Amino acid sequence: MLTRFTQNALKIISNIPKGKVLTYGWAAALAGKPNGARQISRLLHSMSKKHDLPWHRIVNSKGKISLRPTQGYELQKALLESEGVKFSKTDTIDLKIYLWRNFVSETEQ
């Protein structure tokens, strides 16, 4: 049985729309654990395939991809770019533009 946090996190991550991102920390806070960013990372690693999660829409608090080159970085960047997310010359996503802010109204539907 999944914990309430895990259930909430799965729902939140599943609802991130194309072309938007959420940070590990925001996802954790919204799911009920403000200091649970690492748990979001573990959840994505272990449950993305099973729950068909848009794992690529989660980035770090600086707007950067946390995966290393050759370990998923290129795939995550390509998936985000295919959804219209733009990266700066330093491979950073502008969170003022791409951070998903409508999570409350959209997840309560």
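Q: Hi! Where is Gln76 found?
A: In this predicted model, Gln76 is part of helix 4, which covers residues 73-82.

Q: You mentioned His56. Where is the place of that one, His56?
A: His56 belongs to the loop that runs between helix 3 and strand 2, and strand 2 is 58-59.

Q: Is His56 buried or exposed, and why?
A: His56 counts as buried because its relative accessibility is 8%, and anything under 20% gets that label.

Q: What does His56 contact, leaving aside neighbours within four places in sequence?
A: For His56 the list is Gln76, Leu79, Leu80 and Glu83.

Q: Let's switch to pockets. How much space lies in the largest pocket?
A: The largest pocket holds about 450 Å³ of space.

Q: How would anyone find empty space like that?
A: A probe the size of a water molecule is rolled over the atoms, and that shows where empty space is left.

Q: Nice. How many residues line the largest pocket, and which lie nearest its centre?
A: There are 14 lining residues, and Ser41, Leu44, His45, Trp55 and Leu67 lie nearest the centre of the largest pocket. Trp55 and Leu67 are also among the contacts of Gln76.

Q: Where does the largest share of the lining come from?
A: From helix 3, residues 37-47, which gives five residues to the lining of the largest pocket.

Q: And what is that lining like by class?
A: The largest pocket is lined by six nonpolar, seven polar and one charged residues.

Q: New topic: how many aromatic pairs does a search of the whole structure find?
A: Zero aromatic pairs turn up.

Q: Okay, what lies over the face of Phe5?
A: That's Lys33, at 5.2 Å from the ring centre of Phe5. Phe87 has a lysine too: the charged end of Lys77 sits over its ring, 5.2 Å from the centre.

Q: Last one, Pro34. Where does Pro34 lie, and is Pro34 buried or exposed?
A: Pro34 lies in the loop between helix 2 (24-31) and helix 3. Pro34 is exposed because its relative accessible area is 62%, with the cut-off for exposed being over 50%.

Q: What does Pro34 touch, not counting residues up to four places away in sequence?
A: Pro34 touches Ala28 and Ala29. As for Tyr73, 39 residues apart from Pro34 along the chain, the C-alpha atoms of the two are separated by 26 Å.

Definitions and conventions
Residues numbered from 1 in each chain as written. Predicted model: local features only at pLDDT ≥ 70, side-chain atom pairs only at ≥ 80, totals over all residues. Heavy atoms only, no water. 1 Å grid on protein atoms, 1.4 Å probe; cavity = no way out; pocket = protein on both sides within 12 Å on 5 of 7 lines; lining within 4 Å. Points joined across faces, edges and corners; volume = space filled by probe spheres on them. Helix = DSSP H or I, 4+ residues; strand = E, 2+ residues; numbered from the N terminus. Nonpolar A, V, L, I, M, F, W, Y, C, P; charged D, E, K, R; others polar. Buried < 20%, exposed > 50% of the residue type's maximum accessible area, 1.4 Å probe, protein only. Contact = heavy atoms within 4.5 Å. Phe/Tyr/Trp six-rings, centres within 6.5 Å; stacked < 30°, edge-to-face > 60°. Lys NZ or Arg CZ within 6 Å of the ring centre and 35° of its normal.
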